[in-house]
Amino acid sequence: MIRAAITSVGHFLPEERLTNADFEQMVDTTDEWIRSRTGIRERRILRDKDKATTYMAIKAAKEALKKRGMSGPDVDVIIVATVTPDMFFPANACQVQAALGATKAWGFDLSAACSGFVFGLSTAACLIESGRYRNVLLIGSDKMSSITDYTDRETCVLFGDAAGAVLLEPNADGNGIVDSVLRTKGEGWEALCMLGGGSLNPPTHQTVDRKMHYIHQDGRTVFRFAVNAFADIAAEVMQRNGLTSDDVRFFVPHQANQRIIDAAARRMGLASDRVMINISRYGNTTAATIPLCLYDWEHALRKDDNIVLAAFGGGYTWGATYVRWAYTGVAQPRATARAMEAVG
Ligand code: ACO
């Protein structure tokens with residue numbers, strides 16, 4: 001059976017750090033409040049006015065391809081998960097295609113907020129399992145600072161900018177994307193949204209004055225929803241695949257709030273050393289959080305490891321994916337990996 005396996009991971013993080021101490025100077029907050037309520041200490045910000053989501057996506061994609069010894073012409077499909085596209089159209093994927101020289105690829109953007117990467121994994125897996133495409137690049141990239149109101153203490157402390165990318169290839173040894181449980185519940189859309197700029201509220205002086213081009217979030221409502229839905233769906237994908245907590249090497253959660261992650265890990269019966277958490281350094285980077293975790297822990301992952309990825313976000317959208325990891329240590333160029341396997 002052919003599965004879609006992640007074979008390389010890339011990332012991009014802007015250099016500039018925005019710390020909790022910086023926020024103490026900007027809004028009525030404290031380092032203690034932010035750390036204890038969210039787990040965040042600092043986040044990265046892409047300050048350059050002429051650089052945005054696509055710039056970060058291209059950097060992350062190039063790194064993923066380079067590690068695998070591949071280049072643009074090898075890519076069949078490009079999926080960019082984002083809620084902060086450079087512009088409404090054309091899709092970010094088009095500029096990524098051009099920058100990579102991916103001359104035989106097609107691509108599109110995927111909008112599912114913080115669940116974008118998990119939804120994208122399932123999409124990529126279907127494309128590869130169909131047998132019609134081999135090399136799919138999935139990128140999660142968000143310049144959240146472009147839609148963040150830095151006078152609103154309830155949201156501005158949460159978000160950061162970053163991109164993460166994975167390459168997926170067909171694999172016949174049983175490893176790869178095994179199963180996904182994905183959900184959407186549109187009734188919850190008003191709790192987390194950006195009201196302005198779209199066809200319902202096209203940009204006017206009034207929409208700008210009313211700050212409708214920023215993230216609007218009812219944090220308490222989202223928290224109450226997420227803390228249950230996130231844990232439930234991670235548990236569901238484990239149960240559906242007969243996985244016990246002993247079988248799961250790592251839980252890879254969307255990084256929105258440390259308390260939500262802890263609740264899900266408890267429900268899954270996992271100790272903290274088996275949970276990938278880097279929220280303290282990057283905050284919530286929306287579609288980039290999960291690939292950033294995979295990048296940070298890539299060296300610790302071993303071939304055949306069972307990992308469970310889970311995310312939730314605006315929409316509501318949420319989902320969990322069971323992956324059997326396909327390689328040990330950092331990604332290798334295809335030829336090197338084949339030679340190593342032949343030696344055993
Ligand atoms: N500094 C100090 N005080 C603050 C801050 C701040 N930065 N922000 C809010 N407060 C205050 C509130 O005004 C409130 O004061 P009040 O009691 O006088 O009204 C008090 O702190 C408590 O507020 P709560 O909202 O109850 O705080 P909570 O413990 O719920 O934490 C948080 C807030 C961190 C936003 C939490 O609700 C949360 O994480 N929600 C989920 C966010 C999320 O995961 N979003 C989804 C992903 S994003 C995406 O999809 C794009």
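Predicted model: local features only at pLDDT ≥ 70, side-chain atom pairs only at ≥ 80, totals over all residues.
The C-alpha atoms fill a box of roughly 60 × 45 × 35 Å along the principal axes. For 344 residues, a compact globule would have a radius of gyration near 20 Å, and the chain agrees with its 19 Å. Colour by accessibility and 56% of the residues come up as buried.

Now turn to the charges.

Select Glu16 and Arg47: their closest N and O atoms are 2.6 Å apart. This pair links distant parts of the chain, with Glu16 in the loop between strands E1 and E2 and Arg47 in the loop between strand E3 and helix H3, 31 residues apart. Glu16 is partly exposed at 32% relative accessibility, and Arg47 is partly exposed at 48%.

Next, show Lys51 and Asp48, whose side chains meet in a salt bridge at 3.4 Å, N to O.

Then jump to Asp305 and Arg249, another salt bridge, at 3.5 Å. Asp305 sits in the loop between helix H11 and strand E12, and Arg249 in the loop between H8 and strand E11, so the pair ties together parts that are 56 residues apart in sequence. Asp305 is buried, at 10%, whereas Arg249 is partly exposed, at 33%.

For a network of salt bridges, select Arg68, Glu169 and Arg334.

Last stop, the surface: Arg37, Arg220, Arg224 and Arg259 form a positive patch. Zoom in on Arg220, which lies in helix H8 (residues 219-240) and is exposed, with a relative accessible area of 69%.

Definitions and conventions
Residues numbered from 1 in each chain as written. Heavy atoms only, no water. Patch = residues over 30% accessible without salt bridge, like charges linked within 9 Å, V, L, I, M, F, W, Y side chains within 5 Å. Areas by Shrake-Rupley, 256 points an atom, 1.4 Å probe, with all protein chains shown as cover. Salt bridge = Lys/Arg side-chain N within 4 Å of Asp/Glu carboxyl O. Lys, Arg positive; Asp, Glu negative; His and termini not counted. Charge placed at Lys NZ, Arg CZ, Asp CG, Glu CD. Helix = DSSP H or I, 4+ residues; strand = E, 2+ residues; numbered from the N terminus. Buried < 20%, exposed > 50% of the residue type's maximum accessible area, 1.4 Å probe, protein only. Rg over C-alpha atoms; globule rule 2.2 N^0.38 Å.
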